[in-house]
Amino acid sequence: LLTGTAARGLNPVAGVTGELPRPSWAAGLDEAWIASGATIYRVNSTSRKAVGTVAVAGLPARAKITALRLSPEGSQIAMVVAASGSSQAYVGTVDRGQGQVRVDGLSPISPIGVSVNDVAWNAELKLFLVGVLQSDVSEGLVVEVQVDGSFWTPRTAPSLPGPPNSITVAENLPAWVSVGDAVFRQNLGSWENPNGAGTNEG
């Protein structure tokens with residue numbers, strides 16, 4: 001892991017190693033969260049070591065965090081947790097009181113039979129998930145859902161060239177998904193190639 005600024009350049013962060021998913025920046029802070037296995041580290045743009053870890057209550061046994069996203073205002077976190085042969089989406093509350101930063105109230109929000117690859121905040125109480133059906137891994141999913149798992153609403157297209165493996169989105173902006181090495185942008189009811197190579201209805 002490398003952190004830094006355009007002016008100072010990049011420096012390695014000691015002790016944060018392994019297969020790392022992309023980090024998530026905390027709103028209004030010089031602080032990013034990144035997971036390695038079941039551990040979440042807090043890093044900033046200047047320190048050459050993690051400024052701390054995040055205590056997470058409620059992770060399954062032998063869990064691995066494969067994606068995490070802090071909410072736009074920083075009070076909640078969504079993560080994808082791999083355990084027992086499946087990957088599920090979880091949502092918890094960020095607690096910065098009483099010294100150590102914690103994640104409390106971690107709860108799964110994705111249903112049985114779905115394997116989640118990535119998660120992104122669409123609004124303060126709304127998320128996008130991408131993944132596959134465990135019964136048919138060729139059937140990709142893009143789903144909009146509330147933070148409590150309600151209003152599970154598919155936003156996907158069978159004509160995407162394959163299951164989406166990551167997603168990014170911001171409030172009032174279109175979602176983008178990656179499928180292999182290609183990216184597609186949501187445009188109303190379709191997914192379009194930003195290079196102008198056609199659309200995929202959905």
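1. Two strands are said to pair if DSSP finds at least two bridges between them. The model under discussion is predicted, and in it strand β13 (residues 136-146) is joined to β14 by two bridges, the two strands running antiparallel. V143 has P154, in β14, as its bridge partner.

2. This pairing belongs to an open sheet of four strands, in the order β11-β12-β13-β14, with antiparallel pairing. The edges are taken by β11 and β14 (153-154); each has a single partner strand, so one side of each is left without a neighbour in the sheet. In general, the strands of a sheet pair through backbone hydrogen bonds.

3. Strand β13 also contains E144. Is E144 buried or exposed? Its relative accessibility is 10%, and because buried means under 20%, E144 counts as buried. The side chain of E144 makes a polar contact with the side chain of N122, at 2.8 Å. Beyond its neighbours within four places in sequence, E144 is in contact with residues including K126, F128, W152 and R155.

4. The largest pocket holds about 270 Å³ of space. Its lining comprises 15 residues, of which S24, R69, L70, W121 and V169 are the closest to the centre. At least two lining residues come from each of β3 (24-25), β7 (64-70), β11 (114-123) and β15 (166-168). By type, the lining divides into nine nonpolar, three polar and three charged residues.

Conventions: Residues numbered from 1 in each chain as written. Predicted model: local features only at pLDDT ≥ 70, side-chain atom pairs only at ≥ 80, totals over all residues. Heavy atoms only, no water. 1 Å grid on protein atoms, 1.4 Å probe; cavity = no way out; pocket = protein on both sides within 12 Å on 5 of 7 lines; lining within 4 Å. Points joined across faces, edges and corners; volume = space filled by probe spheres on them. Nonpolar A, V, L, I, M, F, W, Y, C, P; charged D, E, K, R; others polar. Buried < 20%, exposed > 50% of the residue type's maximum accessible area, 1.4 Å probe, protein only. Polar contact = N/O pair within 3.5 Å; in protein donor to acceptor, adjacent residues only side chain to side chain. Contact = heavy atoms within 4.5 Å.
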